Amino acid sequence: MSDVKTTPHPIFAAAKAALPYSAPMIAGFLFLGIAYGIYMKALGFSVWYPFLMALLIYGGSVEFIIAGALTLSFAPLNALLITLMVSGRQIFYSISMLEKYGKFLGKKRPYLIATLVDESFSLNYMAKIPPHLDRGWYLFFVSFYLHMYWVIGAVLGNLFGNIIPFNLKGIEFAMTALFLVIFAENWTKEKSHESSLLGLAIAFISLLIFGHDYFLLPTLIGIWMVLTFSRPKLTTKLERVQ
């Protein structure tokens, strides 16, 4: 009998390849999700609230804000404005992902757009997808795994928050550390650091002008404007370097 090599289904192959790529985010997502679940429990909400909010809102810091808003008087306009301020950076992520999340992704595209958070943007934007894998399914499963990490963390935090034996104060730095690692890795792969240095400079100037509470959105706007207007020049320089 001859050995017959079966080719794995494209969906299963993409799911298997995307799992280890998303795995480094497990620690940060689970810890922050657990902290969120504990916070919801402390406010008196049952497990269904963090589960549905993590599943449907999937907004990280927005969910913490909305959790507090649920205990106050009904003010939908305030909630809308706060959400836009906190998540306004997603607009710029979307602009950057227009090419990767093109119409060719079909029915997967709405989910990829809905789950475009900081971490999925970082991973999917930098993803080097092997040619034998289905690109759309690979991007889909990276976003899906991150989504599930957050939902699982929120549920676990609410269910077992009272018996967790360690202090979770300050764990939000876990995601900051991950972004620093991603930035450092991307820096080592760049042939020209002009764009990275430009981003750091704009962020520093925005921090000085607007303060640490409000500098993020001006930073993103500034980076987008500068890179948009200087794109032809930067493209020419990169082509020379390569």
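Start by selecting Y138: leaving aside residues up to four places away in sequence, Y138 touches A14, A17, A18, Y21, A127, I129 and L133 (contact means heavy atoms within 4.5 Å). A word on what is on screen: the model is predicted, with pLDDT of at least 70 needed for local features and 80 or more for side-chain atom pairs, while totals for chains, interfaces and linings use all residues. Numbering runs from 1 along each chain as its sequence is written, and side-chain values use heavy atoms, without hydrogens and water.

Now widen the selection to the largest nonpolar core, which has 39 residues. Such a core is a set of buried Ala, Val, Leu, Ile, Met, Phe, Trp, Tyr and Cys residues joined through side-chain atoms within 4.5 Å; buried means under 20% relative accessible area with a 1.4 Å probe, protein chains only. Y138 is among those with the most contacts inside it, as are F29 and W150. Colour α9 (135-160) next, one of the helices supplying at least two core residues; α9 gives the most, 12. Helices are DSSP runs of H or I, at least four residues, numbered from the N terminus.

Next stop, α6 (residues 89-96). Its axis comes within 9 Å of that of α12 (residues 216-229), crossing at roughly 25°, so the two are roughly parallel (angles under 35 degrees). Show R89, F92 and I95 of α6 against L216, L217, L220, I221 and W224 of α12.

Finally, turn to α8: α6 and α8 pack at about 20°, axes 11 Å apart. Here R89, Q90, Y93 and S96 in α6 meet D118, F121 and Y125 in α8.

Methods: Buried < 20%, exposed > 50% of the residue type's maximum accessible area, 1.4 Å probe, protein only. Axes fitted to C-alpha atoms, helices over the stretch in contact; angles between N-to-C directions. Parallel < 35°, antiparallel > 145°, perpendicular 65-115°, else oblique.
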